[in-house]
Amino acid sequence: MPDPEIQLARRRDAVHLAAMSRRLVEAGLDPSWTVERIERHIRHEDSVVVTARIRHQLAGFAIMQYGDTTAHLNLLAVEPAFRRAGIGRRLVRWLEESAVVAGTFTVSLELRADNGVAERFYEALGYREIGRIRGYYQRVEDAIRMRRELSVPSAAPAR
């Protein structure tokens, strides 16, 4: 599989990103990542929305919001056909590098408590659990909160 092309999302991407979020991230929940919400993040100066494309096909995307001292990874999704090809890792690394350039050295995120695959993925990137939040997802599902200090080297990339 060729390397993905990572680029900033455009407003016209918001429809596809919202659909991916509904299918891959928010399954079983009321959708909260609407087209309008994603468009706001695309336009907002403190957020970055990036896409990964392989041969012009949307393979994944991520949304990060930057603060003065911390950044928050709001969403990360990779189409099932493109998983285990390093796309998620490349998206996260791209956003982390952007955070460091902006002077932000801490990234936090939440994930569904029953998503062991995602938890292991983030752990392999150097993220550590810092807590659990009961009912975080619409009072239906618990979340694991994770954080990574970017000044600390991450684990070696998986091969």
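Me: In this predicted model, which residue in the turn of the hairpin formed by strand 6 and strand 7 has a positive phi?
Reply: Strand 6 and strand 7 form a hairpin with 3 residues between them.

Me: How many bridges join strand 6 to strand 7?
Reply: Strand 6 covers residues 128–137 and runs antiparallel to strand 7. Glycine 131 has arginine 145 as its bridge partner in strand 7. The number of bridges joining the two strands is 6.

Me: What is the bridge partner of threonine 106 in strand 7?
Reply: Strand 5 (residues 106–112) and strand 7 (residues 141–149) run antiparallel. They are joined by 7 bridges. In strand 7, threonine 106 is partnered by glutamate 149.

Me: Why is the pair of tyrosine 122 and tyrosine 127 classed as it is?
Reply: The structure holds 3 aromatic pairs. In this one, the ring centres are 5.8 Å apart and the planes meet at 75 degrees. Planes over 60 degrees apart count as edge-to-face. The angle is over that cut-off, so the pair is edge-to-face.

Me: Tyrosine 136 and tyrosine 137 form an aromatic pair; is tyrosine 137 buried or exposed?
Reply: The pair is edge-to-face, at 4.9 Å centre to centre and 85 degrees between the planes. Tyrosine 136 has 36% relative accessibility and counts as partly exposed. Buried means under 20%. Tyrosine 137 has a relative accessible area of 17%, so it is buried.

Me: Which residue lies over the face of tryptophan 33?
Reply: The distance to the ring centre is 3.6 Å. The residue over the face is arginine 37.

Terms used
Residues numbered from 1 in each chain as written. Predicted model: local features only at pLDDT ≥ 70, side-chain atom pairs only at ≥ 80, totals over all residues. Heavy atoms only, no water. Phe/Tyr/Trp six-rings, centres within 6.5 Å; stacked < 30°, edge-to-face > 60°. Buried < 20%, exposed > 50% of the residue type's maximum accessible area, 1.4 Å probe, protein only. Lys NZ or Arg CZ within 6 Å of the ring centre and 35° of its normal. Pairing = 2+ DSSP bridges. Helix = DSSP H or I, 4+ residues; strand = E, 2+ residues; numbered from the N terminus.
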